[in-house]
Amino acid sequence: MTTVTTRTIAYAADGLTMLGHLALPAGADRRPAVLVGPEGMGLGDVERRRADALAELGYVALAFDLHGGRYLGDPEEMLARCMPLLADPDRMRGIGHAALDVLRAEPRTDPDRIAAVGYGTGGAIALELGRDGVGLRAIATVNGLITGRPGEAARIRCPVWAGVGSEDPIMPPAQRDAFTAEMRAAGVDWRLTVYGGALHAFHHPPVDHTVLPGVGHHPLHAQRAWRDVVDLLAECLPLAE
């Protein structure tokens, strides 16, 4: 465990001023880095804590923003913003690239050793960065099995790990099948973990506002998914090379 330093970083993306959360491990040396993407509600304390946990392990971590510093707890407002975004790969890539530029500009970041970990909408953005040919070391997506434009997955240059709840109505079996078919056709090094009995956003602790039907926390699988993400980073983005 290391002492973590955090700060908020403002940057421009998608016509908004985004407020990302940067977490730095102790020391002054360059470290591998992880871009952390939030669920559709936006950057909140859950993602900030995940970035901090990654920094405690020794990574530079940036949890990026989706909504210009806002957390959209109202499901209708969240869908009104996220559904058009998820239908527009170029917008998703723009948000991802802006955050990636911030992470790469951090002096502690080794720009040649970066991975992307995303949840829901943030996971879709991580995948779009891969489809755009970004040189990531690994991509992890939980609840974000969004397929891309035909053929562009062939530009993914790193392993992809995906996690989804077996009872997730937002990412149902047909969506899983489409995602895996895309990965297979592109020759990607991919893995899909299905967590039995889990709903959508099973990794996210309970919230004090209304959620969409089919959303629910699964404490055991949340722990397992986090371990799976950390194991992927240990394999593809080791702290020492």
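Reader: What should I know about the numbering and the model's cut-offs?
Author: Residues are numbered from 1 along each chain as its sequence is written, and side-chain values use heavy atoms, with hydrogens and water left out. In this predicted model, local features need pLDDT of at least 70, side-chain atom pairs count only at pLDDT 80 or more, and totals for chains, interfaces and linings use all residues.

Reader: How many residues of helix α4 are buried?
Author: Helices (H or I, at least four residues) and strands (E, at least two) are DSSP runs, numbered from the N terminus. Buried means under 20% relative accessible area, exposed over 50%, partly exposed in between (1.4 Å probe, protein chains only). Among the buried residues of α4 are E128 and R131. Helix α4 spans residues 121-131 and is largely enclosed by the rest of the structure, because the buried count is 11 of the 11.

Reader: Which residue with positive phi follows α4?
Author: The phi is near 85°. The residue is G133.

Reader: Is G135 buried, partly exposed or exposed?
Author: G135 sits in the loop between α4 and β6 (139-142). Its relative accessibility is 36%, so G135 counts as partly exposed.

Reader: Is C158 buried or exposed?
Author: C158 lies in the loop between β6 and β7 (160-165). Its relative accessibility is 6%, so C158 counts as buried.

Reader: Which residues does C158 contact, leaving aside neighbours within four places in sequence?
Author: Contact means heavy atoms within 4.5 Å. The partners of C158 are L136, R137, A138, I139, V188 and D189.
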